[in-house]
Amino acid sequence: MTADALHAEGTALLARQDRDGAILKYEAALTLDPLHLPSLVDLGVAKYWKRDYARAIELFTAALTLRPADRAIAINLAHALADDMRHVAAERLWRALIADDPSLAHAYYQLGSALMWQMRHREARESFRRAIELSQGAVRRKMWRAYLNAFLYDDAVHPQEIRSRNAEFVAELPKPEAPVVFANPPDPGRKLRIGYSSADFRAHSAARSFRALFEFRDRANFEIHVYSEAATEDSVTREFRALADGWRSTVGLDGAQAAAMIRADGIDVLVTMAQHFDDNRLDIPVMRAAPVQINAFDVATSASDVFDAFLAEPTMAAARGDAFTERVVRSRRVYVHAPLEAAPPVAVPPSAAGAAIAFGSANNPIKISGRAIALWARVLAAVPGSMLRLKFYNAYREEATRLGLLNRFSAHGIDPARIVFELGGVETDGHLRFYERVDVALDATPFTGSTTTFEALWMGVPVVTPPGRTVLSRWTAGMLTRVGRPDLIATSDDHFVALAADQAAKAKHQDRAALREAVRNSALCDPRAQARDFERIYRALWRRYCAKVRA
Amino acid sequence: MNAADALRDGLAAYQRGAKAAALALFAQAAGAEPGNADAAYLHGFVLSELGRDGEALVPLERAVALVPGNAAYRGALALCLKGLGRIAAARAEFERALALAPNDIGLAFNYANTLDGDAAIAAYTRVLALDPAHGGARLNRANALAALGRWREAFDDYARLPGDPRALIGLAGAALHLDRAQVAHDAAQSALGFGSDPSAWFNLGVALGMLGLTDDAIAAFGKAGDDPKVAPAKATALNRAHRYDAALKALDGAGPGFDTSMALGNAQAGRGFYTAATDAFAQAAALRPDDTDAAMNHANALLYRGEADQANALLARLPVSSSTLYALSYADAITAEALLEAHRDWAKRFAPVVAPAIRNTRPRIGYVSADFCAHSCAHVLRATLPHHDRAKFEIHAFSNVAAEDAVTAELKAHFDHWHAIAGLDDEAAADLIRRARIDLLIDLSGHTGGHRLGVFARKPAPRQATWLGYPATTGLSQIDFRLVDRVSDPAPSMTETPVFVDGGFLAYAPPADAPDPSRNGAGPVFGSFNNLAKLSPATIALWSKLLRAMPDAKLILKARSFEESATRDAILAKFGDVASRVELHGWLGAHLDLYRKIDVALDPLPYNGTITTFEALWMGVPVVTLPGRTHAARVGASILSHADFGGWIAKDEAAFVDIAMRLAKTPPSREDVRARFAASPLTDGKRIARAIEKLTAGL
């Protein structure tokens, strides 16, 4: 059999969803002819989908050597590099692709992502901005979201700028041509139809935040309808679907169509979630889909005037440093977390076992801003002999990434030998074992840890959070307040350093089991209370709407 | 030696400075030639100069007798008489001398030095007319003016003697009396440049205290010697910084006197001991029956220990001031018309002025307040200021804060520019505001302590408004707008143009660290955490009625004033037959926690609670109010109606009792109360920020 024939068989198998079978055929083809181009490329793609990025990169690299001018191969390679967290290499490739075709919006988008991973926020924003200029429609909205999201991680950005940039996006979204009139009966006490609009009804950390609103809702008083932007469905999607009274997809609908559908469904309160992330849609509430609209689970202003409330926990909104256009409504329990029952048992702090003091951060390196590095460096300087462990899946596998970070610590006079990078452990359990090697967790800023903070606390490790004035920079502070540890919230940079040093000195005597219990027993793990709080706000806002309509 | 030679040699010796030799020679000449007037004069003159006025008198009188028309002889005789303590005779002699030589500067000055009060001032003024550069006359005139309390004129004289440490000390003292602490501070510092002086240190201490630099002030007082005025001044500085216990300590062992009693009263009032404060102010008032500050403080202390009737009787006798106006809002019987009239009368002291024409492309909004600190106003500011659109508006603070604290630091973040006006007099502050070119100037004090309405009266900004902190009109025609709402002021009674803010004229920033809303213990329990001054006789009568209607109910009252047992006893007595069911709490640390023991909060009248009501609602506790006709009596209704709790507003006393009992029997869910409040416009300060920004363009 020829390589061509084997390749054709492989492709036929792939068409029947038999990816493993296809892989065998492509491998066989390459045994016959190691330079068989179609097999190199298609096997690379198959391996990519199997998340064997290393092999995919080998194959695409070989293919590209054969056909240096083939942009499709280069794009595949760049994606594989990015997913393998080789962002420096990916950046180089995307730049080459852009040099070749400066109108490639997607390449600008990907270049922006690669730059974000290298914490080069400003350059990333420039690249996303270019991507916006080059695209239209739903793709353009996606570019906007990437661009606006990129402001959240940068410690040099003023909240007012976040608002101005978001306002530019809002300005170009279509608005209703005439004032929208709602037919919803303005009865303050009646059963309400709540609509939830999100792209995250799937296995995603955001879904954990609002799952309880479905599971524990007050069925007598609230009906739940979903407006899902999830392109693919998984088991989590199916769970949500089973809990909802109505389910509609908004994929492929424009804002006006989706809003018309929501109005026709008689939704009283539309809740849009985590607006600054994923494929979540601001264009739908901008078309005024429901009489009451709430912006929930977001971390910065939408800069639009279509929301009746931006929900925030009191601690998160306490410093009032944001420039919201929405009115902030304080709700005690916006966020909840499910107990991590599969987690390993809490460990003995390393310093109690005689090891040197180890600080640690398992935050996404995108969150390691210049300010975070400066603060962490001050902590290391204040605690001689200590080290800092960093881990986020395989984010630090690329030497260039590691060197980049080490240079930034060196600039603050920190010996690179004190920074320890860890790799691997995608599964939750192995991921959480990181905390067996950490005495005290240091939080990032301005975008603090969320899930990461919860995991550290669940593992009984104190998380010291830097001072912040925005909702975004006080996420950890909110969590610490709710588990009864506001003492870990720094009020100034000096205080942060002193707190971290103090926690390090006390690490030997940590009662990690007690902290885990405190977290387990806190309102943070009380999903029913969260559901009640949200419903109280829905009802209160609805009453206001009714009073306004009747006046 | 003949007389002529002796006189010549004597003059030569005198000019060499050999006064003893000169005296001998002049004596010789006078003895040799008794009819020589010059000899007699010179003999007497030198004796007088040497302090031997008793011996000088005879030869000088002889000289004058010999040549009555010689002004110099008479001048010397007058000085001698003055030296002998015969002031009236000296004055008469000077007058005769001046009649002969009206333009003799030395004579005129020496004459002035024998006078007191207005006559002295007129005499020095004459000297200065002859010689405007006469430093001695200017200094002495300044001292004479200061002795009469004419501080502004004294200030101007002292200010023209910059190189004289005595004048600098005087300048500092005058500046302190004119509330120009910064000038006083600088002058005292300059005086100390010439050498240490207890008076300079004293003035410096007072100035530092007024500028809020309390620790520096205490250090300065340490060098001010043991003058009896030091201890009360030190206590005053400590009072200003709310360090009342330290103030009391500073007064320990201080001699009795007006200043001591005032400082003591302020310290006791500051720590909530209003009975002790009442005693101290009464003593001060007895020492200086005409002092309005003492009488005013006395009345206020009475108000805060729950003695409204006594306080009002005292106030009625006082001249109208901001303090007497403010006290009117607490009075049960006050009508909206009388309130307006009283404020209008007060404002007549200011002449109408022309406003500057200012229109910035990025309009500037200036807030004037003494309460940018731990004060109830801060709750409202915290909810509002962060919402200003700083891209379009420039926000200025004109701070009259006496002692800055952590809240000041927090609030500073919400301003583009921060100007301190504490220590500047009204004209200087107005000038600062004019130079800052403010489009809209907002008063946050009304007639409450530390207000700067005198600045507003000068109209340093084209548009002026009053908003917060005071429950009535300012009375000033120079203030254009007052922010209120349709519930607080349905029939506006004010000199300003009312601006009705949609959603209510107030806003509240709920504290992030408030405890969860929950109930602890058994009911029914009513409560009020309003200060005691608000518990008017009508309030106590109504609440007693409620307790009688519900025999198993308790009432918890919490106020600073209840720290003191004498005050507690006095208040319980006013509750009469229901006193056993009234529980009094002093100033506990865990303020909000106490709401867990309360089922229903009661709003006092006619001066309703504001922040107290907000706090109750945030803790999920319903509040019942009985509105009256004045703004102060309608704040409760404003809050409740805008927070979606209109059903808790009573139309009369019977309804008040009914609503309170119904809520006590079936309390609403605390979580629901908080959520409704959280979703209400009252926790949305942005509305107010927008309303204020709109005012920059007028109505």
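## Domains of chain B

Chain B splits into four parts: domain 1 (3-114), domain 2 (185-332), domain 3 (333-507 + 685-699) and domain 4 (525-683). These bounds come from an automatic or database domain assignment. Taken over C-alpha atoms, the centres of domain 1 of chain B and domain 3 of chain B lie 67 Å apart.

Some ground rules: this is a predicted model, so local features need pLDDT of at least 70 and side-chain atom pairs count only at pLDDT 80 or more, while totals for chains, interfaces and linings use all residues. Residues are numbered from 1 along each chain as its sequence is written, chains are lettered from A and ligands numbered from 1 in the order in which they are written, and side-chain values use heavy atoms, with hydrogens and water left out.

## The largest cavity

Searching the whole structure turns up six cavities of 30 Å³ or more. A cavity here is a set of points, on a 1 Å grid over the protein atoms alone, where a 1.4 Å probe fits but cannot get out, and lining residues have an atom within 4 Å of a point. Grid points are joined across faces, edges and corners, and the volume is the space filled by probe spheres set on the points.

The largest cavity comes in at about 180 Å³. Its lining has 16 residues, and the closest to its centre are A:Ala317, A:Arg320, A:Val328, A:Arg330 and B:His387. Strand S7 (328-330) of chain A and helix H23 (376-384) of chain B are the elements giving two or more residues to that lining; helices (H or I, at least four residues) and strands (E, at least two) are DSSP runs, numbered from the N terminus.

## The second largest cavity

Next up is a cavity of about 100 Å³. Among the residues lining this second largest cavity are A:Arg330, A:Asp533, B:Trp618 and B:Arg674. Helix H23 (527-550) of chain A and helix H32 (670-678) of chain B each supply at least two lining residues, and H32(B) gives the most, with four.

## Two helices in chain B

H32(B) also packs against helix H29 (residues 611-618) of chain B, at an angle of about 125° and with the axes 8 Å apart. Axes are lines fitted to C-alpha atoms, for helices over the stretch in contact, and angles run from 0 to 180 degrees between N-to-C directions. So H29(B) is oblique to H32(B), given that angles under 35 degrees count as roughly parallel, over 145 as roughly antiparallel, 65 to 115 as roughly perpendicular and the rest as oblique.

Note on methods. On a 1 Å grid over the protein atoms alone, a cavity is a set of points where a 1.4 Å probe fits but cannot get out, and a pocket is an open set with protein on both sides within 12 Å along at least five of seven lines; lining residues have an atom within 4 Å of a point.
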